[in-house]
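Please look through the sequence and the three-dimensional model shown below, and keep both in view while reading. The paragraphs that follow lead from one part of the model to the next.

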Amino acid sequence: RAEVRRRASPGAGSLAAFFVLLAPLLLESAPSSYVDIGAGAYGFLALLFADRWNRSGDTRLIPATALCLAFAANAKLNLTVLTPATLALVLLGGRPPSRRQLVTASALVLALVTPWCIKVGLTTGNPFFPFLGARFGLGGYDARHLTLRAVRLSTDFARPRTAATTL
């Protein structure tokens, strides 16, 4: 938080700290390829680029923001919540972008997120998986798949077993 506050702004520092804290078990998972860490980094960069847009007006920052938002959403669909937050930061930051810049950035986000939604729709039947499961279904989360997953997890000996973890 302090580094982002120093380099960007107090608001961006608070947002960055908030989104980092949303990643569960951050210290334990940091050495692995845990998707939340990368997704959080993309989200942070989107917010940082939006904040820098407000300060400098550099036209390269709006597409960079959109690109980072799309990468964050592709890594973890629930990070689409960053899109309205970033849009608010850009629009209310004192330097609103032109309509053309907003349309171009929106098209970039849609162009990069749509293939993922199509792929997930084809594999699970739900283009917004795991969201809207009541409407589109949850794909591989039927009883058979859950049983197979439970068996696979029961054979995971990577962590030491204790009485607390076996109960």
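Which helix supplies the largest share of the lining of the largest pocket? That share, five residues, comes from α6, where helices (H or I, at least four residues) and strands (E, at least two) are DSSP runs, numbered from the N terminus. Before going further, please note that this is a predicted model, in which local features need pLDDT of at least 70 and side-chain atom pairs count only at pLDDT 80 or more, whereas totals for chains, interfaces and linings use all residues. Residues are numbered from 1 along each chain as its sequence is written, and side-chain values use heavy atoms, with hydrogens and water left out.

Among the contacts in the chain with a separation of 6 or more, 55% are accounted for by residues 24 or more positions apart, contact meaning heavy atoms within 4.5 Å.

Leaving aside neighbours within four places in sequence, Ile62 is in contact with Trp53, Val90, Pro97, Gln101 and Ala105. The C-alpha atoms of Ile62 and Leu102 are separated by 7.9 Å, although the two residues are 40 residues apart along the chain.

Leu82, in helix α6, is also buried, because its relative accessibility is 2%. Leaving aside neighbours within four places in sequence, Leu82 is in contact with Phe19, Gly43, Leu47 and Leu69; the C-alpha atoms of Leu82 and Phe19, 63 residues apart along the chain, are separated by 9.9 Å. Leu108, in helix α7, counts instead as partly exposed, because its relative accessibility is 27%. Not counting residues up to four places away in sequence, Leu108 touches Pro63, Ala66 and Leu67, and its C-alpha atom is separated by 7.6 Å from that of Pro63, 45 residues apart along the chain.

Rolling a probe the size of a water molecule over the atoms shows where empty space is left. On a 1 Å grid over the protein atoms alone, a cavity is a set of points where a 1.4 Å probe fits but cannot get out, and a pocket is an open set with protein on both sides within 12 Å along at least five of seven lines; lining residues have an atom within 4 Å of a point. The largest pocket has a volume of about 240 Å³, where grid points are joined across faces, edges and corners, and a volume is the space filled by probe spheres set on the points. Of the 13 residues that line this pocket, Leu69, Leu87, Leu102, Ala105 and Ser106 lie nearest its centre, and α5, α6 and α7 each supply at least two residues of the lining. The lining divides into nine nonpolar, four polar and no charged residues.

Side chains of opposite charge can pair when their charged atoms come close, and a search of the whole structure finds two salt bridges, each being a side-chain nitrogen of Lys or Arg within 4 Å of a carboxyl oxygen of Asp or Glu. One joins Arg55 to Asp51, with the closest N and O atoms 3.4 Å apart; both residues lie in helix α4, four residues apart, about one turn of the helix. Arg55 counts as partly exposed at 46% relative accessibility, whereas Asp51 counts as buried at 8%. The other joins Arg60 to Asp58, with the closest N and O atoms 2.8 Å apart; Arg60 is exposed, with a relative accessible area of 61%, and Asp58 is partly exposed at 24% relative accessibility.

Methods:
Buried < 20%, exposed > 50% of the residue type's maximum accessible area, 1.4 Å probe, protein only. Nonpolar A, V, L, I, M, F, W, Y, C, P; charged D, E, K, R; others polar.
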